[in-house]
Protein chains: 4
Amino acid sequence: MNAIIRPARRSAAKGLSASVAGVERELIDDLVAANRILASLNVLDAFGHVSVRDPKNPKRYLISRSIAPESVTASDILALDLDSQPVHPDDENKLLYRERFIHGEIYKVRADVNSVVHSHSPTVVPFTVTRAKLRPLLHNAGFLGLGAPLFEIRKSAGHGTDLMILTPELGKDLARKLGKEAAVVLMRGHGDSVVAPSLPNAVFRAYYTEINARQQLAAISIGGPINFMTKAEAMTASDAMLRASARPWALWRKKALQNLSEEAQR
Amino acid sequence: MNAIIRPARRSAAKGLSASVAGVERELIDDLVAANRILASLNVLDAFGHVSVRDPKNPKRYLISRSIAPESVTASDILALDLDSQPVHPDDENKLLYRERFIHGEIYKVRADVNSVVHSHSPTVVPFTVTRAKLRPLLHNAGFLGLGAPLFEIRKSAGHGTDLMILTPELGKDLARKLGKEAAVVLMRGHGDSVVAPSLPNAVFRAYYTEINARQQLAAISIGGPINFMTKAEAMTASDAMLRASARPWALWRKKALQNLSEEAQR
Amino acid sequence: MNAIIRPARRSAAKGLSASVAGVERELIDDLVAANRILASLNVLDAFGHVSVRDPKNPKRYLISRSIAPESVTASDILALDLDSQPVHPDDENKLLYRERFIHGEIYKVRADVNSVVHSHSPTVVPFTVTRAKLRPLLHNAGFLGLGAPLFEIRKSAGHGTDLMILTPELGKDLARKLGKEAAVVLMRGHGDSVVAPSLPNAVFRAYYTEINARQQLAAISIGGPINFMTKAEAMTASDAMLRASARPWALWRKKALQNLSEEAQR
Amino acid sequence: MNAIIRPARRSAAKGLSASVAGVERELIDDLVAANRILASLNVLDAFGHVSVRDPKNPKRYLISRSIAPESVTASDILALDLDSQPVHPDDENKLLYRERFIHGEIYKVRADVNSVVHSHSPTVVPFTVTRAKLRPLLHNAGFLGLGAPLFEIRKSAGHGTDLMILTPELGKDLARKLGKEAAVVLMRGHGDSVVAPSLPNAVFRAYYTEINARQQLAAISIGGPINFMTKAEAMTASDAMLRASARPWALWRKKALQNLSEEAQR
């Protein structure tokens, strides 16, 4: 996430979607890396998606066309408007993620959010179908203290859906359940959506949501009361991790782009 | 799974079984990939098998000779009739999977089924020896809402077998327990058999049966009632996943065949 | 495990211990592979050991000198007598596994046993410190129906040992606890020792002991009575697996020796 | 850990911090390896740190600058004094681990300690937020019999911290809770700090603390009383493992430095 504009690396490069012209190449690489990082950390399976708000045009966000996250390359990234429609006619025939409304509708109502991850985070799912609340016990997951409300799609769309967020209306309902403060909204029988002020922090939060779920499951198996973080601890830790997430990000990004480069050479 | 016949890639190629002459090479590669995918996803161990019905001759199915799934190459694939016997004399001396009747007997009675996976899916096995029913909680596993009946071999063959389906009669009993609708039949102390209208979908279902079992185990450990999918949700999701399984399939197939190609170059 | 003597591949080869002169090279490679297989399957950590009885001299067994199993190469293999002492003066200064008496004392009293694996099998250990009995529920683990008695070292050596089998006497006590029939003896707070009529079968049994322990743990977490295999089922399955273990062995051995060969070229 | 001084490999080499001049290169490589080993064993995530006391100047310790452990190379290692401040002006602008006081304050009060590992050991964390005590059940983890007290940061710094050891005072409180004998101090909602007389043994203890936690969690899930090691067994085993840790260390170090070397060539 580079504040300095380097014109030579603008996205007019060969193979990129015309919709991302003017976007820093570094941000596109960040988004490619984020997809691959979360797949390699087993937060994303062959589904799920990651987006980042365009820093130069906050009414747009960048996301891959509809492919498995671990396959994403720079040429798959395109820009959508906040109604989750392509901003450039060249992209109109591309297959888009059917659940992209998760991203657009959250960006509309959460000006503090610049990145969204939607995943089937494997140990989070069991917390969406039981009564236990996902709460922060590990300091890295202090952001869970901002709340992790559960979206029950039956309340919006009845008892016969495929649980997916396939319309703008369902996206709006999900964004409403996320609310003004929370970093995570759980989705019953489906997974979660995680938001953050930056892409590295969204990746960090998506990962530690899964880790906290695993550790909370273990603590429940051990038995007895769990000594969760206090609200104040969670807030202090969440703030600290906004900065601390730079460290894993540097490691993960480097490895992801190295693997991508090796893959390209095969 | 290619509808267009490309004569140049017919299976008369060097090293292939004569029994698959006339089968599209792409389908053979699909089956090789399916074996390797499910091994790399830890659904298949060194045992288990995957088959696909011959689209040009529905009274035949394709399956590997008896080797570990992650070793399968195109030259191991052969065609069997629905009595699970080789259709070509060249294959008569090959070692066949002893439990191949699982496949043939299911194809006989389930015209809607074009692919079968039999595995020792590790987290499914515990659900075959306990009273908890495997039920869909993750939307990807909606197909479990079609039922996941338990085959108890003691009812067919008494209390002293090795639990394996070694005869046509046991295959018929298993197919009967699977019934007209279910996508999965659990096999006590052994694993499961998963069926689907297509090979990519069978791979998808075998994988998400294991994932749903893991998440159901976690939900049980969390405690309290589990908010399973409704029957209508399961049906809607199952239909949606018939199409959605194309995405993981594209990713998995590419990786499996790339690894195979690298292996061949060593 | 080759019955035909091929003189050209005798062990006089450069770098091998003089104590294995006359042993088929294929058997030495089998033992190297077995060490590496069980390490890659996470049954062995950096400790543990695998042995095979010398088929030409049943009063001797082959085992590595004291190094981590995944590092073992052919030149590390040496022959010990059944008192677990080197049979050749060249090996007298080599560091030997301190717990090698496990192997020698079992070979003394179990003429049916031709291979022994001692490991800290990670999910078996919890079954050595709780009252639940490890019992066969997966057909591959039918051999557990031969019994899996628990060796409590406190009964032999009091309450202050390091739990290790450091003397011939402790080895004898362990072999006595194993008894005349069992394939596995559990060692409290330590791991297990697994025996079999052949090396491939010992590797198979060591692996499926761990897998059955994982599945039994999951079944316990699911709750309610567990439908274990009957004694007759266990015996039938155990017999069937004596033959069936050839399939994973072929796969695992090939991969292990391929990795060894690539390692040697680096 | 080499007692012989080899002048040609002194740390004046290109790229090393001036603060480590005079330190054996082998010790620096040991520390690099230790970081990478514990990351590959999943004891360390992208956070955590490993240090070793300077054998020639016990008022100093060596530790990496603030980067993810699996990225550490020799040029990242620097020397700090026991107040955890850089000993050489060249390092004053380097980013240091904010929690480095854990190391310095323990070295001040524990003359027997020559190495410290701080980690977010994933299965240890649940034992820091529940009432179950982490106790030795596996012989490799006998050192837990020396005690594994729980540091509750709320007692030192109130209910609103980020749980991190960011000041010398908190480091002193943690060292006090560790006490005169224990090998491990648990840190509520955070992880643990493990100490040992040598770097290989600290790596060994950090790993087997995690393994014992996993096995204790499994034993709790199995249910009923757990047959933990007696105090005398724990002491005997802990002593034995001081020597036995050389075996995994040799394996792990070799692999870590080989990977580092391959990484450098890419």
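So, helices here are DSSP runs of H or I of at least four residues, strands are runs of E of at least two, and both are numbered from the N terminus. With that in hand, take D:Thr123: it sits in the loop between β4 and α3 (125-128) of chain D.

Quick housekeeping: this is a predicted model, local features need pLDDT of at least 70, side-chain atom pairs count only at pLDDT 80 or more, and totals for chains, interfaces and linings use all residues. Residues are numbered from 1 along each chain as its sequence is written, chains are lettered from A and ligands numbered from 1 in the order in which they are written, and side-chain values use heavy atoms, with hydrogens and water left out.

Back to the threonine. Is D:Thr123 buried or exposed? D:Thr123 is buried, at a relative accessible area of 11%; buried means under 20%, with a 1.4 Å probe and protein chains only. Beyond its neighbours within four places in sequence, D:Thr123 is in contact (heavy atoms within 4.5 Å) with D:Glu210, D:Ala213, D:Arg214 and D:Leu217. Its side chain also makes a polar contact of 2.5 Å with that of D:Glu210; the term means an N or O pair within 3.5 Å, one able to donate a hydrogen and the other to accept it, and residues adjacent in sequence count only if both atoms are side-chain atoms.

Now the sheet. Chain D has an open, mixed one of seven strands, ordered β3-β2-β1-β4-β7-β6-β5, where pairing takes at least two DSSP bridges. β3 (77-81) and β5 (150-151) of chain D are at the edges with a single partner strand each, so one side of each has no neighbour in the sheet. Two bridges link β5(D) to β6 (residues 184-187) of chain D, running parallel.

Definitions and conventions: Buried means under 20% relative accessible area, exposed over 50%, partly exposed in between (1.4 Å probe, protein chains only).
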